[in-house]
Amino acid sequence: MKVLLIRHGETDWNIEKRIQGRTDIPLNENGRAQADALAEILSQRPAPVSALYTSPLTRASQTAFAIRNRLALSCQSVEDLREIGFGLWEGLRWDEVKTRYPKEFEIWYENRRDTRPPDGESYLDLLKRLVPALKNIIKNHTDDGDIIIVTHSACIMSLLSLLNNTPLHEMAKRYPLSNTAIVEINPDQISNYFWQTGRTWSWSEAD
């Protein structure tokens, strides 16, 4: 049994390089086509899929519904699979964030693990809700079929960074994710993960 983590299809904000976060942007025409193509690819996998979960944000749920319709699965929305919240930075491009929020950006850039953008979440906040949600999904899975989870790039990249102890500043370079990218995870990697005793975090101190 595998856990298939999938990034949602393309949106207009992806094309415009705008920070989406929790802002509920739908798929564009190309994103819908990507979702349909993804569903076809998944239907041809030899391993059976028996569960499908999605972030509640529209871009993820639209991607998941294409899979649901092609594979004839039920689909469950899980709130804690949503993208990291970037607060007041959402809708801006990163160059605009640097111009409008120079001090806040500098502090966040130096410590993305713990620092929150204005009205947003830190990566610590993200993973402290994401990891338990994933553990719960795996714990309640009662057969050998694969689990598909449609979520977001920061969710997948930060999880991979956590499991592999990759510094955050290397996240995008080490784990680049195109729209509808599929990442296979052994469920034991998640189920057996624990916060290190006596510490609030276990990511590389190099970040």
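The lining of the largest cavity in this predicted model divides into six nonpolar residues, one polar residue and no charged residue. A search of the whole structure finds one cavity of 30 Å³ or more, and the largest pocket, by contrast, holds about 780 Å³ of space.

**The cavity**

- The volume of the largest cavity comes to about 30 Å³, and the residues that line this cavity are Leu5, Leu130, Leu134, Thr151, Cys155, Ile156 and Leu159.
- Helix α6, which spans residues 123-139, and helix α7 each supply at least two residues of that lining, with α7 giving the largest share, namely three residues.

**Helices α6 and α7**

- The axes of α6 and α7 lie 10 Å apart, and the two helices pack at an angle of about 85 degrees; because angles from 65 to 115 degrees count as roughly perpendicular, α6 is described as roughly perpendicular to α7.
- On the α6 side of the contact stand Tyr123, Leu126, Leu127, Leu130, Val131 and Leu134, which meet Ala154, Cys155, Ser158, Leu159 and Leu162 of α7.
- By class, the residues of this contact between α6 and α7 comprise ten nonpolar, one polar and no charged.
- Leu130 and Leu134 of α6, together with Cys155 and Leu159 of α7, belong to the contact between these helices and also line the largest cavity.

**The largest pocket**

- The largest pocket, with its space of about 780 Å³, is lined by 29 residues, of which Trp94, Tyr123, Ser153, Met157 and Ala172 are the closest to its centre.
- Two or more lining residues come from each of the elements α1 (12-15), α5 (102-110), α7 (153-164) and α8 (171-174).
- The lining of the largest pocket includes charged residues, six of them, alongside 16 nonpolar and seven polar residues.
- Tyr123, which is among the residues closest to the centre of the pocket, is also one of the α6 residues that meet α7.

**Helices α2 and α3**

- Helix α2 (residues 29-43) and helix α3 (residues 58-71) have axes that come within 8 Å and cross at roughly 40 degrees, and this angle makes α2 oblique to α3.
- The crossing in which α2 passes α3 is right-handed.
- From α2, the residues Ala35, Asp36, Leu38, Ala39, Glu40, Leu42 and Ser43 take part in the contact, where they meet Thr63, Ala66, Ile67, Arg70 and Leu71 of α3.
- Sorted by class, the residues of the contact between α2 and α3 are seven nonpolar, two polar and three charged.

Terms used: Residues are numbered from 1 along each chain as its sequence is written. This is a predicted model: local features need pLDDT of at least 70, side-chain atom pairs count only at pLDDT 80 or more; totals for chains, interfaces and linings use all residues. Side-chain values use heavy atoms; hydrogens and water are left out. On a 1 Å grid over the protein atoms alone, a cavity is a set of points where a 1.4 Å probe fits but cannot get out, and a pocket is an open set with protein on both sides within 12 Å along at least five of seven lines; lining residues have an atom within 4 Å of a point. Grid points are joined across faces, edges and corners, and a volume is the space filled by probe spheres set on the points. Helices (H or I, at least four residues) and strands (E, at least two) are DSSP runs, numbered from the N terminus. Ala, Val, Leu, Ile, Met, Phe, Trp, Tyr, Cys and Pro count as nonpolar, Asp, Glu, Lys and Arg as charged, and the others, Gly among them, as polar. Axes are lines fitted to C-alpha atoms, for helices over the stretch in contact, and angles run from 0 to 180 degrees between N-to-C directions. Angles under 35 degrees count as roughly parallel, over 145 as roughly antiparallel, 65 to 115 as roughly perpendicular and the rest as oblique. A crossing is left-handed if the near helix is turned anticlockwise from the far one by less than a right angle, and right-handed if clockwise. Contact means heavy atoms within 4.5 Å.
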